[in-house]
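The sequence and structure come first.

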Amino acid sequence: MDDEVHIASFIVHHRPDALASIEHLVTATPGAEIAAREAGRAILLHEGGGTRELLACMDAVQALAGVVGVSLVYHHAEPRSALGDIIQSSAEQGSRL
């Protein structure tokens, strides 16, 4: 079986004083980053090798003091070998919009 890449984003609702611990956790978590932040919420991105890693990251964020909720917004998985594939646009494929 081909190894997979899982890419996900989720929204974290939190109290303002929880942002520093979220940033610290994200810095210590391989494949995680904060894509956006504003008062009371942040969008986190996570790229890893499976759903267990993704769920472990979400659980770790949820367990932080001051985090109100973590909601998965997007999740995509595909074989790692497909990441090198060249994607043709619809114009290149001859299709019409």
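Buried means under 20% relative accessible area, exposed over 50%, and partly exposed in between, with a 1.4 Å probe and protein chains only. At 58% relative accessibility, Asp17 therefore counts as exposed. The model is predicted: local features need pLDDT of at least 70, side-chain atom pairs count only at pLDDT 80 or more, and totals for chains, interfaces and linings use all residues. Residues are numbered from 1 along each chain as its sequence is written, and side-chain values use heavy atoms, with hydrogens and water left out.

Helices (H or I, at least four residues) and strands (E, at least two) are DSSP runs, numbered from the N terminus.

**Sheet**

- Four strands make up an open sheet in the order β2-β3-β1-β4, with antiparallel pairing; two strands pair if DSSP finds at least two bridges between them.
- β2 (32-38) and β4 are the edge strands, each pairing on one side only.
- On average, neighbouring strands of this sheet are turned by 15° against each other, direction ignored.
- Strand β1 (residues 4-14) runs antiparallel to β4, and 11 bridges join the two.
- Glu4 has Pro79 in β4 as its bridge partner.
- Between β2 and β3, which also run antiparallel, there are six bridges.
- Leu44 in β3 stands opposite Ile34.
- In a regular strand, side chains alternate between the two faces of the sheet.

**The β2-β3 turn**

- β2 and β3 form a hairpin with two residues between them, and Gly40 in the turn has a positive phi of about 85°.
- Gly40 is buried, because its relative accessible area is 18%.
- Leaving aside neighbours within four places in sequence, Gly40 is in contact with Val12, His13 and His14, where contact means heavy atoms within 4.5 Å.
- Gly40 and His13 are 27 residues apart in sequence, with 5.7 Å between their C-alpha atoms.

**Helices across the sheet**

- Helix α1 (residues 19-28) lies across β1, β2, β3 (41-48) and β4, and runs at about 155° to β2.
- Helix α2 also lies across β1, β2, β3 and β4, running at about 165° to β4.
- For these angles, axes are lines fitted to C-alpha atoms, for helices over the stretch in contact, and angles run from 0 to 180 degrees between N-to-C directions.

**Contacts around Leu25 and Leu64**

- Leu25 lies in helix α1 and touches Ala60, Val61 and Leu64, not counting residues up to four places away in sequence.
- The C-alpha atoms of Leu25 and Ala60 are separated by 8.0 Å, although the two residues are 35 apart along the chain.
- Leu64 lies in the loop between α2 (51-62) and β4 (67-79).
- With residues up to four places away in sequence left out, Leu64 touches Ser21, Ile22 and Leu25.
- Leu64 and Leu19 are 45 residues apart in sequence and 9.8 Å apart in space, C-alpha to C-alpha.

**Salt bridges**

- The structure holds four salt bridges, each defined as a side-chain nitrogen of Lys or Arg within 4 Å of a carboxyl oxygen of Asp or Glu.
- One of them joins the side chains of Asp3 and Arg80 (2.9 Å, N to O).
- This pair links distant parts of the chain: Asp3 is in the segment before β1 and Arg80 in the loop between β4 and α3 (90-93), 77 residues apart.
- Asp3 is partly exposed at a relative accessible area of 40%, and Arg80 is partly exposed at 38%.
- Asp17 and Arg15 also meet through their side chains in a salt bridge (3.6 Å, N to O).
- Arg15 is partly exposed, with a relative accessible area of 45%.
- Another salt bridge joins the side chains of Arg41 and Glu38 (2.6 Å, N to O).
- Arg41 counts as partly exposed at 42% relative accessibility, and Glu38 counts as partly exposed at 45%.

**Surface patch**

- Ile7, Val73 and Tyr74 form a nonpolar patch on the surface, with about 280 Å² of accessible area together.
- Patches are made of residues with over 30% relative accessible area and no salt bridge: like charges are joined within 9 Å, and nonpolar side chains (Val, Leu, Ile, Met, Phe, Trp, Tyr) within 5 Å.
- Accessible areas come from the Shrake-Rupley method with a 1.4 Å probe, and for residues only the protein chains shown count as cover.
- Tyr74 is located in strand β4 and is partly exposed, with a relative accessible area of 44%.
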